[in-house]
Amino acid sequence: MISQVFILSSKGDHLIYKDFRGEAGKDAVNKFYEMVTALTGGQPPVVMKHKELHFVHIRQGGLYWVATTKADASPFTIIEFLNRLTALVKDYCGCLSEKSVQMNFALIYELLDEVVDFGYIQTTSTDILKNFIQTEAVSSKPFSLFDLSNVGLFGADTQQNKVAPSAAATRPIVSSQGEQGGKNEIFVDVIERMSVVIGANGVLMKADIEGEIRVKCYMPSCSEMRIGLNEEFSIGKSQLSGYGAAVRVDECSFHQAVRLDEFDTYRILKVCPSQGEQTVMQYQLCDDLPTAPPFRLFPSIERDSGGRLLMYLKLRCDLPPKSLSQELSSPDQSAELQPKNKAVHWEIPRFPGGAQLSALFKLEVSGLSAASLQEVGPVSLSFELPKYTSTGLQIRFLRLSPIQPGPSQRWVRYVTHSDSYTIRI
Amino acid sequence: MPYLGDEHTVRELRRALSNPNVQADHLRYRNTIHRVIRVMSQGQDVSGLYSEMVKACATVDIVQKKLVYVFLCAYASLNPELSLLVINTLRKDCSDHNPMIRSLALRNMCNLRLPGLSQYVQQPLTVGLKDKAACVRRVAVLGWAKIHTIQPTTGIDVAVVNELYGLLRDPDPVVMVNCLRALEEILQEEGGVAINKPIAHHLLNRLKLCDVWGQSEVLAVLQRYRPRSEDELFDILSLLDPALLSHHAPVMAATLRLFLSLCSTLPAVCMSALERVRGPLLAAAGSTSRELRYAALCHIQLLLRSEPGLMGEHYKRFFCGYAEPPYIKQNKMQVLVELVNDDNVAMVLDELRGYCTDVNTETSQTAINAIGSIGRSYTDRCLAILTGLLGLKQEHITSAVLQTLRDLVWVCPQCGDAVCSALEGWEDNLQDSQGRGALLWLLGVYGDRVTGAPYLLEDCIDGVRSEVSAEVKTELLTATLRLFLSRPAETQDMMGRLLVYCIEEEVDMCVRDQALLYYRLLHCGIEEVRQVLQGGRRSDPSLGPLIGRPPEPISQWASSFNTLEPLTLGASTVGNSDPATPKPSTLTPNTLTSNAEAMTPTPGDPHLPDCSSGALSLSVSPALTPEEFERLWLQLEKGACLEVCVACPVPRCSPEGLQVALQLVNIQTLAFTPPNTHPWRVYLYTHTSHISTKTPHTLILAELLHTGGEGEKEEEEEGEEEGEGEEEGEKEGEGEKEGEGEKEGEKEGEEEGEGEEEGDKEGQEEGDGEREKEKGLLVVMRQHPGDQTALRGFLSVLTTVLHTLSTHTA
């Protein structure tokens, strides 16, 4: 059970404070901030204890979301609850930021009141909550041209006509009637996170994919949605058949609301999505990627005669080239030395498939020796690949039944993020 | 947080709230209240507005009502009298036709937390329990729990308690779960809600209807239920089994906890449950939420304590991501150390080597520590990496490496040579006192083998005046004295200087006392000094791999699974990957000696023969492939062959532990059967040579065979029914499935039977001696070319290892 829930900004401003059980005083908020800022870098901050009170917190959107408890509660429950709370706030307010929380404090109090009673979690389902929540969200971000620069966040490409409006994914699910005009939209995102380690000799040492299918639904009522996956989709090693064209994952789990009666034969997921965002399927694939890793690096590190460190990096993108990218001008890259992190930050705004980029960095290092060359590395890439899944998972179709009255729009988006893409030197 | 103009804001808000024009305008009134709440959540004290807000409560606007309630609940305790005024409005709302208003009023009535109001609240709550809207019933049920907390002394009416029990059968799952929660609180003194068979089965059947939060709570309550029979137990388990694979971490964790508590007497079932949750736990450990990752990692560490091999093949999932926060990286490294085996050691070390140069110093230190821990089993590879790191000449890396080396040579003295050669020609001047302490310790112990040791010590002694750390000074004293024992001529003069300084000028009492102690000790004679400083200084070479923790029984940690404890534990041991690491530097020589004595085997124990000094030497190279082994084995069948029955039990340690232990005496294990199978076999080989007589090398192939005869099996089961070692686990599980009827009685008496269990265990240990003959191992040895003395030597080495293993792990 939860004693208190509070939200603090990164500077320690109180944004939301709700006491459910009256067990602990309000000074707990300041105590928490004192403790969390006093932590040294390496200390795990997730659970902290002050006298009898446990603080469990997560960081999302630059804010501290804290729950306190006196009983020895389940850490998984509290952490998942806080994660769910952030998701709810994001669903209702559109985005997670200090500003949106500040502007929608009344809504968040109302949410907390319905979600938790006397420290016990009552419900976190948007379907139930929408009957109770009366306050309307104040959108902290009115439409601005600046938003357009974010297009592409979920794989939408400005070059194409059928662009999923990226602002749509960050608007509140319960929108005021006039503004959005009751737009019936549903987004199905296939999001994969890669974590790859490539050894100094170019050998792939580890390649893991964690993927999920996420549904974000704006329809006030949606009866049933059928999501068809690749027919050759297989789970586990034993089912592999044919010539390896199959899309394979090691493990796969589904949201409990997903019905799987047609999954075994037709690879169809049936789900009645509730408003807001939910993950309907999660899957993992370890080590055995169907495609080569998307980026390869050819580094050469040496010392020049002037005692400077020379790093010559050649980065190649092994994705299939797209014809579109040819029209783009050469990418305006930038590089910066970050002395605090002891790192060189090389930013490449756009990297077409099949292209190769190179960079030469010269660094003045005091007391450079042969041994310090060993210290260079690793190279870590963080990227986002739109319209690409490394497992090859595709959504064949997306059907709503019965057909929704009025115009409805369905979007399927694919994106691969780098969870951790490390290349050793 | 006090803001400027605090008073002013309150005054202004009050004026606005009491302005009749504002009150008349719906939206303006609501906006003003909005502002009050905003000011309140920013931390300002606006309790002065209470009476105005009480007035604002009487409205039809739900949004306004909710806002006012937030305010009233926050400040009710400061204004108990004024709160009485609210009660009327609330009671009126409780009979509103809109269920949402009813539940809102009921909830906030209890949330005011005023003991004086409870008489007004009871009546609406009783009505609320019978309300036709589920949302009102939910609130009413918890309302009773709130009343109980406000006034713990006045008990809740028995009728209400009974009604709550009745509401467990409410069609709404949230009402059901809330009833459980309320009863748990109200009946806390009686040990919580009574879970009998009908209630337990009802809860289990309705489990699917609850959402994830409800499920995990119901599962937690069900832990108190004890199934009456084996059949019932296994029915429950098979019902719960799918939940082990739930992709909601809270449900999965709660289910596993319930499994572990239900099957505390069936280790085999527990083990298979652990196998089942591996997938979901790994998924949680790779979740997008870093906090969830951390929680999962902490729990994986718990699991590994009992089942070290659980995650072995998934070691890559514990490689650190570049952008992960340091606390997760450090946690993952701690897990990686546990997962190392012959197949992955190269990859793991390669990965850890990469973390050693991490920008975060704590992370790099943890990585170095981790390599040191792996070094206990894979000494050569790790030493190569560690000494290589010294070449980087990075202050924090060097310091961490020295500390790790110090800890490593303590457990694995055979790596002394490598450490000495690394110290040869040392010239760095370390700033870090921990690292300096470790360097001094190494110089003291290995001073006789490092040529430059006296010069390094002299530098330190010359600079002792500027030394701040008392720890380093005591370390310096001990190191100097030790060096004096091995190289008196070079050390005597500076030792004199050091003692004079420490006795005459030092202000730290500990350092001064230690110097005095040494001074007096030196007066007693050099032999006494030697005895104090070197007696039992070196640890037993067999200790390294044998100290390796044997798998703990699950019951050791089951009670802390899915609690906050593993997460807070992680916080306290961070940066020290292995709390059991001996820290010789912090010990004064006297305690060091006694510590070393405690660590050497007791006199009764057989000592491992020191293979380097003995007449017979074994070596594992050249290596044999399994094919070669098989060919030779068959070929030598008619040749030199010896079968001996050794009176020694099957070692209880894991196959890996046995392998490491045998490797230490240069016997290579080629193949073995899994621990619990009958017959249990191990195939070994080694090359022998006599140092003294220069006879040609011989190759010995051996098979250890434990058949486990019929009579013995019976006895084992009798004696070890209650045993908790994993070895007996599976057998026992099967046995219980067959003989459920007999064992039922035992099951029920289990709570009070704990003491008995202890007794049983002791009895078992005593019985070990008697059964040794039956439990004996058959050793079949084949040799090429034949050499009886070598064979006998090999056999004696082998038996000592087996004995040591069984005494250490039994």
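Tutor: Start with contact: it means heavy atoms within 4.5 Å. Keep in mind that this is a predicted model.

Student: Which residues does A:Leu398 touch, leaving out those up to four places away in sequence?
Tutor: A:Leu398 touches A:Val188, A:Met225, A:Arg226, A:Ile227, A:Arg410, A:Trp411 and A:Val412. A:Leu398 itself is in strand β23 of chain A, residues 395-401.

Student: Why is A:Leu398 called buried?
Tutor: Its relative accessible area is 7%. Buried means under 20%, so A:Leu398 qualifies.

Student: How far is A:Leu398 from A:Ala292?
Tutor: Their C-alpha atoms are separated by 29 Å, and the two residues lie 106 apart along the chain.

Student: What is the makeup of chain A?
Tutor: Chain A has nine helices and 24 strands. Of its 425 residues, 53% count as buried. Take contacts in chain A between residues at least 6 apart in sequence: 66% of them join residues at least 24 apart.

Student: How confident is the predictor in chain A?
Tutor: The average pLDDT of chain A is 78, and 81% of the residues score at least 70. Two stretches need care. Over residues 142-168 of chain A, pLDDT stays under 50, and the model has 40 contacts there beyond four places in sequence. Residues 323-330 of chain A also stay under 50, with four such contacts.

Student: What makes the phi of A:Lys51 worth noting?
Tutor: Phi of A:Lys51 is near 50°, a positive value, and the residue is not a glycine. A:Lys51 sits in the loop between β3 (47-50) and β4 (53-60) of chain A.

Student: Is A:Lys51 buried or exposed?
Tutor: Exposed. Its relative accessibility is 67%, and the cut-off for exposed is over 50%.

Student: Why is A:Thr40 called partly exposed?
Tutor: A:Thr40 has 43% relative accessibility. A:Thr40 is in the loop between α1 (27-38) and β3 of chain A. A:Thr40 and A:Val197 are 157 residues apart in sequence and 28 Å apart in space, C-alpha to C-alpha.

Student: Now chain B. How many helices and strands does chain B have?
Tutor: Chain B has 40 helices and six strands. Of its 810 residues, 55% count as buried. Among contacts in chain B between residues at least 6 apart in sequence, 70% join residues at least 24 apart.

Student: How is a pair of packed helices described?
Tutor: By the angle between their axes and the distance between the axes. Apply that to α21 (residues 379-390) and α22 (residues 395-411) of chain B: their axes come within 9 Å and cross at roughly 145°. The crossing of α21(B) past α22(B) is left-handed.

Student: Which residues make the contact between α21(B) and α22(B)?
Tutor: From α21(B), they are B:Leu383, B:Leu386, B:Leu389 and B:Leu390. From α22(B), they are B:Ile397, B:Thr398, B:Val401, B:Thr404, B:Leu405 and B:Leu408. By class, that contact has eight nonpolar, two polar and no charged residues.

Student: Where is B:His396, and what makes it buried?
Tutor: B:His396 is in helix α22 of chain B. Its relative accessibility is 18%. The limit is under 20%, so B:His396 counts as buried. Neighbours within four places aside, B:His396 is in contact with B:Thr361, B:Ser364 and B:Gln365.

Student: What about B:Asn562: buried or exposed?
Tutor: Buried, at 7% relative accessibility. B:Asn562 lies in the loop between α31 (555-558) and α32 (565-572) of chain B. Its phi is positive, about 60°, although B:Asn562 is not a glycine.

Student: How many disulfides are found over all chains?
Tutor: Zero, from a search of the whole structure.

Student: What makes B:Cys298 and B:Cys415 buried?
Tutor: B:Cys298 has a relative accessible area of 3%. For B:Cys415 the value is 2%. Buried means under 20%, so both labels hold.

Key: Residues are numbered from 1 along each chain as its sequence is written. Chains are lettered from A and ligands numbered from 1 in the order in which they are written. This is a predicted model: local features need pLDDT of at least 70, side-chain atom pairs count only at pLDDT 80 or more; totals for chains, interfaces and linings use all residues. Side-chain values use heavy atoms; hydrogens and water are left out. A disulfide is a pair of cysteine sulfur atoms within 2.5 Å. Buried means under 20% relative accessible area, exposed over 50%, partly exposed in between (1.4 Å probe, protein chains only). Axes are lines fitted to C-alpha atoms, for helices over the stretch in contact, and angles run from 0 to 180 degrees between N-to-C directions. Helices (H or I, at least four residues) and strands (E, at least two) are DSSP runs, numbered from the N terminus. A crossing is left-handed if the near helix is turned anticlockwise from the far one by less than a right angle, and right-handed if clockwise. Ala, Val, Leu, Ile, Met, Phe, Trp, Tyr, Cys and Pro count as nonpolar, Asp, Glu, Lys and Arg as charged, and the others, Gly among them, as polar. pLDDT is the predictor's confidence in each residue, from 0 to 100.
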